[in-house]
Amino acid sequence: MIWSLSEGQVALEAGRVVGTAFMTPFGNTCATLNTIVVDEAMRGRGLGRRLTTTALEQAGDRECRLTATADGLPLYEKLGFVTMHDVRQHQGTVRQVSAPPAVEWVGSEHLPALTALDRAAFGADRASLMNALAGGGRFAAITNEDGIAPFAAVRAFGRGEVVGPVVAEDRDQARALIAFILSGMQGRFVRIDIPEDVGLSPWLEGLGLAHVGGPVAMLRGASNIPGSTNARIFALASQALG
């Protein structure tokens, strides 16, 4: 998915790939940097900085976001990134979960409405990502008389599945969307990444998804920080895609 949405680069040593970096553009205003990886034997030579700098050049004037490990945090701070929040990664084998009412699976005919909601919550146009999610995953939504409001996505990821993004107006809506998706996944391995401050960690742990650490969400050149509307991203599409 990252390859299909991004511009990437590799660093070579004697014809062997020893570093990677990807820049995923979301419209003309925002991009995420991801999969910035340097071979352990090549670290300490400034290769990570060169890869990241080239990815930033590819992003141009766009606001840039990324999720940083503890090892990468000092470099990104030197390059002008500031911390937004900590990310809590939860994963594990799902226990029995009851499906809440008022949530249902929705088809691709609702994709324009879902994409508009995601744009309002994220602060940038992620139509390319939403199209990819529609092709390789499923969307659940809470519906009302006005149509579709909050929604969540789920797709194959690693050795299981990942839930996200989750766009909701409050914690209760986010919990209902996640519970609906997990209700059909008992015994399966699932991952979900959440901002630390949303307060869902104890609940997720009770469903079998243990907190296993997590990176730091960072931002550079901010012009449109999310949160200007009632909608909010509660779960990330994945660490790599912001």
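Arg175 sits over the face of Trp203, with 5.9 Å to the ring centre. That counts as a charge over a ring, because the cut-off for the distance from CZ of Arg to the ring centre is 6 Å. Keep in mind that this is a predicted model. Let's look at the other aromatic rings too.

**Charges over rings**
- Besides Arg175 over Trp203, there's Arg159, which lies over the face of Phe189.
- For Arg159, the distance to the ring centre of Phe189 is 3.8 Å.

- How many aromatic pairs turn up in a search of the whole structure? The search finds 5.
- One of them is Tyr76 with Phe81, an edge-to-face pair with 6.0 Å from centre to centre.
- The planes of Tyr76 and Phe81 are 70° apart, and over 60 counts as edge-to-face, so that's the label this pair gets.
- Is Tyr76 buried or exposed? Tyr76 has 8% relative accessibility, so it counts as buried, the limit being under 20%.

**Ring meets ring: Phe139 and Phe151**
- Phe139 and Phe151 also pair up edge-to-face, because their planes meet at 70°; their ring centres are 5.9 Å apart.
- Phe139 is buried, with a relative accessible area of 5%.
- Phe151 is buried too, and its relative accessible area is 0%.

Conventions
Residues numbered from 1 in each chain as written. Predicted model: local features only at pLDDT ≥ 70, side-chain atom pairs only at ≥ 80, totals over all residues. Heavy atoms only, no water. Phe/Tyr/Trp six-rings, centres within 6.5 Å; stacked < 30°, edge-to-face > 60°. Buried < 20%, exposed > 50% of the residue type's maximum accessible area, 1.4 Å probe, protein only. Lys NZ or Arg CZ within 6 Å of the ring centre and 35° of its normal.
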